[in-house]
Amino acid sequence: MLDLIVKRAALPYSPLDYCILAAATAVAWVFVIELDLTVFLTFRRRSGLYFWSLLVSSWGCALHAIGFILSFLVGSGWTVTLPFIEIGWVTMVTGQAFVLYSRLHLVVRNQKTLRYILWMIIVDGVCFHIPTIVFTVGINSPNQPFWQPKFDVMERIQLVGFTLQECTISTFYIVSTVRILGSVYHSMTRKVMLQLILINLVCIGMDIVLIGLEFSKEYTAQASIKPMIYAIKLKLEFTVLNQLMGL
């Protein structure tokens, strides 16, 4: 969802840009394949929100990366690239939020709080995904000058909005985990809890990097590394949340 989507030709050859895109896409795919294999080998019951949100979000990372490969390197038209980019973006971002939500009950016991967070994810998805997709289609229409300013504003709003959403969920994890740590003395439990706090902080840091690239107008770099960042976040979250379940 960048200005470069409207281009009908591949990016002009740049060794740095091409290497960043190729390397980031390869890393994203490696993490997606590894995560999917681990999920299918780990889960005995292949059902439930946690299972499906992991798979859907990981597939979103792969689709999103393919979309930008087709756009930036192959130069495919927007009718080909846009479905990959948009479907991948929706499932990658909101899918990852559902991964976090699906295991939040392990540290947050208040059902009202859990319902509020669920509704936050749903409302954010509707308010941020739908307008952005509409504006993205608009900038690829013959009336691009009309849609472009609206798209530019919405692109930044949705990025900051989804970052705040993840920060909110991560804050509940961190605060609740710190409270639990005060009454836990088992070394393994404390280790997992501290890992949970650290990984949530790392994920927030990754989101801040994406915001920095967006506001500095480094569109190619942001589009290239975004699927990789989400794939890495999924892998980290899957690892620590599985340990949390085993406590």
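## A tour of the aromatic rings

Start by selecting K233 and Y230: K233 lies over the face of the Y230 ring, 4.0 Å from the ring centre. A charge sits over a ring if NZ of Lys or CZ of Arg is within 6 Å of the ring centre and within 35 degrees of the ring normal. The model is predicted, so local features need pLDDT of at least 70 and side-chain atom pairs pLDDT 80 or more, while totals for chains, interfaces and linings use all residues. Residues are numbered from 1 along each chain as its sequence is written, and side-chain values use heavy atoms, without hydrogens and water.

Next, select K150 and F146. The charged end of K150 is over the F146 ring, 3.7 Å from its centre.

Now turn to ring pairs. Searching the whole structure gives nine aromatic pairs (Phe, Tyr or six-membered Trp rings with centres within 6.5 Å; planes under 30 degrees apart are stacked, over 60 edge-to-face, the rest tilted). Select F68 and F72, a tilted pair with 5.2 Å between centres and 45° between planes. Both belong to helix α2 (residues 49-74), four residues apart, so about one helical turn separates F68 and F72. Helices are DSSP runs of H or I, at least four residues, numbered from the N terminus. F68 is buried at 2% relative accessible area (buried means under 20%, with a 1.4 Å probe and protein chains only), and F72 is buried at 1%.

Move on to F128 and F162, whose centres are 5.2 Å apart with planes at 75°, so the pair is edge-to-face. F128 is in helix α4 (residues 111-139) and F162 in helix α5 (residues 144-181), so the pair ties together parts 34 residues apart in sequence.

Finally, select F40, F43, Y50, F51 and W52, which ring pairs link into a cluster.

Technical notes: Helices (H or I, at least four residues) and strands (E, at least two) are DSSP runs, numbered from the N terminus. Buried means under 20% relative accessible area, exposed over 50%, partly exposed in between (1.4 Å probe, protein chains only).
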